[in-house]
Amino acid sequence: MHIMEGFLPVKHAVAWSAASAPFVAYGIYSIKKRVAEHPEQRMLLGVATAFTFVLSALKIPSVTGSCSHPTGTGFGALLFGPAAMAPLGAIVLLFQAILLAHGGLTTLGANIFSMAIVGPFAAYGVFRLAQAIKLPFGLSIFLAAALGDLLTYVTTSVQLALAFPDPVGGFAASFAKFASIFALTQIPLAASEGFLTVLVFNALARYNARELQSMNLPVPQEVKA
């Protein structure tokens, strides 16, 4: 999903950076407010950031100019809300670009928008919807993490198709090409991320259920037992 350094046209890179900036700014505000009210959650905030860094660094070659990997952002979005993941994801993507040559500085705004904005908001929305229709807690977590991951890649496909429309079929044909290539690796990766996120949440619920409940997460009794 990380679009490589210098791959996007300048106007696209600037536009995605401008679109991401308000989310990052509001996310910083939401984190400051959360930490001021619940300073004990700082360590869990660090865990969520590390989870995203490690998972999203496990890249597999995919379409030209990008790659496939888990994102890890659904985990933090469910703990701290989707807004918080914009600045956390921005930090992860910045360090990966500098230290691992994974992504890039000129494409940072585009990568933030797909992985740290669309993915977390999708994951959070899917989880709340799943809970509203009374799906089991574990299945809600799985769907949130997996679909948040997949919608990140749908967004990257949109970004690449807008930048490089097909000479004959235009945006639609280009989007179909990018999305279909991503799907080969990303569908199994998204399912794997969903299962891993469920395991991590179950471990947290078993050993730290009170803190999860303070975050308004409906931890079921059987998980806490």
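Is serine 114 buried or exposed? Serine 114 is buried, with a relative accessible area of 0%. Buried here means under 20% relative accessible area, exposed means over 50%, and partly exposed lies in between (1.4 Å probe, protein chains only).

The model is predicted: local features need pLDDT of at least 70, side-chain atom pairs count only at pLDDT 80 or more, and totals for chains, interfaces and linings use all residues. Residues are numbered from 1 along each chain as its sequence is written, and side-chain values use heavy atoms, with hydrogens and water left out.

Serine 114 sits in helix α5. Helices (H or I, at least four residues) and strands (E, at least two) are DSSP runs, numbered from the N terminus. Set aside neighbours within four places in sequence, and serine 114 is in contact with Met1, Gly119, Thr152, Thr155, Thr156 and Gln159. Contact means heavy atoms within 4.5 Å.

Next, the cores. A nonpolar core is a set of buried Ala, Val, Leu, Ile, Met, Phe, Trp, Tyr and Cys residues joined through side-chain atoms within 4.5 Å. The largest has 31 residues. Phe75, Leu79, Phe80, Phe127, Ile141, Phe201 and Leu212 have the most contacts inside it. Two or more residues come from each of α1 (10-37), α2 (42-56), α3 (73-80), α4 (85-99), α5 (108-132), α6 (137-163) and α7 (170-207). Another core, of 22 residues, lies apart from the largest one; Met1, Ile3, Ala86 and Ala163 are among its members.

Now follow α4. Its 15 residues should span 21 Å at 1.5 Å a residue, and its end C-alpha atoms are 20 Å apart, which agrees. The expected span is 1.5 Å times one less than the number of residues. Buried residues of α4 include Met85, Leu88, Val92 and Gln96. The buried residues of this helix pack against α1, α2, α3 and α5. Just after α4, alanine 101 takes a positive phi of about 55 degrees.

The unreviewed UniProt entry annotates "transmembrane region" at residues 12-31, 43-63, 75-99, 105-127, 139-161 and 181-205. Those positions are in the numbering used here, feature names are shortened, and annotations may be inferred rather than shown by experiment. Residues 12-31 are 100% helix and 0% strand, with end C-alpha atoms 29 Å apart. Residues 75-99 are 84% helix and 0% strand, with end C-alpha atoms 23 Å apart.
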